[in-house]
Amino acid sequence: AFRQIGMFLSPELDSRYGWFPVVDESTLVFGAPHANGRRGRVYVCDAQAGGGVIELVDDQGNPGDQFGNCVAVDGETIVVGADAADDGAGAVIVFRNDGGQWRRTARLIAPDRTPNDRFGRTVDIQGDVIVVGAPGKNKNGRRLRGPREGAVYVFERVGNSSIQTATLISPAPPPGEVLGLVVAVASDPIL
C-alpha cells in the first residue's frame, strides 16, 4: 500500500514546479525551470534526513537558462540540465553531496557547441557516467531551421573532474527521428 509522506506546493506561479521528478533511494529531485525569471531552480528532498526541501540554483546562470528542465540523481550526485543556456547551446550543472550540503562541482558543455543544440535537454547518471542529450544538434554544426539530427554526449568522472569520453551521432538518421530526445544509462549500455 502507498501512503503520502509529503506534499510540495509551488512557491511561484508558472514555474513548472515539479518538472521531471526523479527518485534515487530516499532522495527526490525535481525542477522548476521557469522559476526565478526562467533562470530555474531545482528542489531536493531527502526522506531519510527528515524530509526537508533544499533549493539548488545555478548561481552563474542567466535569465532564460531554464536550469532544472531535466534532472537525474544517483547516490550523492545530482545532474541538472539547462538546455536554454548560452543562446540555446545548453549546459549541464553537476552537484555533489558533501556532508549534507549539495555543492556545485562542474559545468559541462559540449566542445562542439552551437546555438540551439539544446545540450542538457535530457540527462542521466549511473555511477561515474553522465549522459547528456542535445536533440537540436546538427552534425554539420550549421545553425539551420528545419530537421535536426541530435547527439548524445558521454562524460566520465575521473577524480574530481568530468571528462567527455564520447559523442554519439547517427550517421544517417531517418527523417523525423532525433537522437538525444531521451537518454538513459544503466551500468554499461547507453540507451
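How many bridges join strand 10 to strand 11? Select both strands and you will find six bridges, with the two running antiparallel. Strands here are DSSP runs of E at least two residues long, numbered from the N terminus, and two strands pair if DSSP finds at least two bridges between them.

Before going on, note that this is a predicted model, in which local features need pLDDT of at least 70 and side-chain atom pairs count only at pLDDT 80 or more, while totals for chains, interfaces and linings use all residues. Residues are numbered from 1 along each chain as its sequence is written, and side-chain values use heavy atoms, leaving out hydrogens and water.

**Stop 1: Ile130.** Click on Ile130, whose bridge partner in strand 11 is Phe155. Not counting residues up to four places away in sequence, Ile130 touches Val79, Val94, Leu108, Asp124, Ile125, Tyr153, Val154 and Phe155; contact means heavy atoms within 4.5 Å.

**Stop 2: the cores.** Next, show Leu108, Phe119 and Ile130 together: of the 17 residues in the largest nonpolar core, these touch the most other members. Such a core is a set of buried Ala, Val, Leu, Ile, Met, Phe, Trp, Tyr and Cys residues joined through side-chain atoms within 4.5 Å. Buried means under 20% relative accessible area, with exposed over 50% and partly exposed in between (1.4 Å probe, protein chains only). A second, separate core has 16 residues, including Val42, Val73, Ala85 and Ile93.

Stop 3: Strand 5 pairs with strand 6 (residues 77-82) over five bridges, and Val73 stands opposite Ile78 in strand 6.

Stop 4: Is Thr27 buried or exposed? Thr27 is buried, with a relative accessible area of 8%. Beyond its neighbours within four places in sequence, its contacts are Val22, Val44, Cys45, Asp46 and Val73. Cys45 is itself buried at 9%, and Cys70 is buried at 0%. Counting pairs of cysteine sulfur atoms within 2.5 Å as disulfides, the total is zero.

Methods:
Helices (H or I, at least four residues) and strands (E, at least two) are DSSP runs, numbered from the N terminus.
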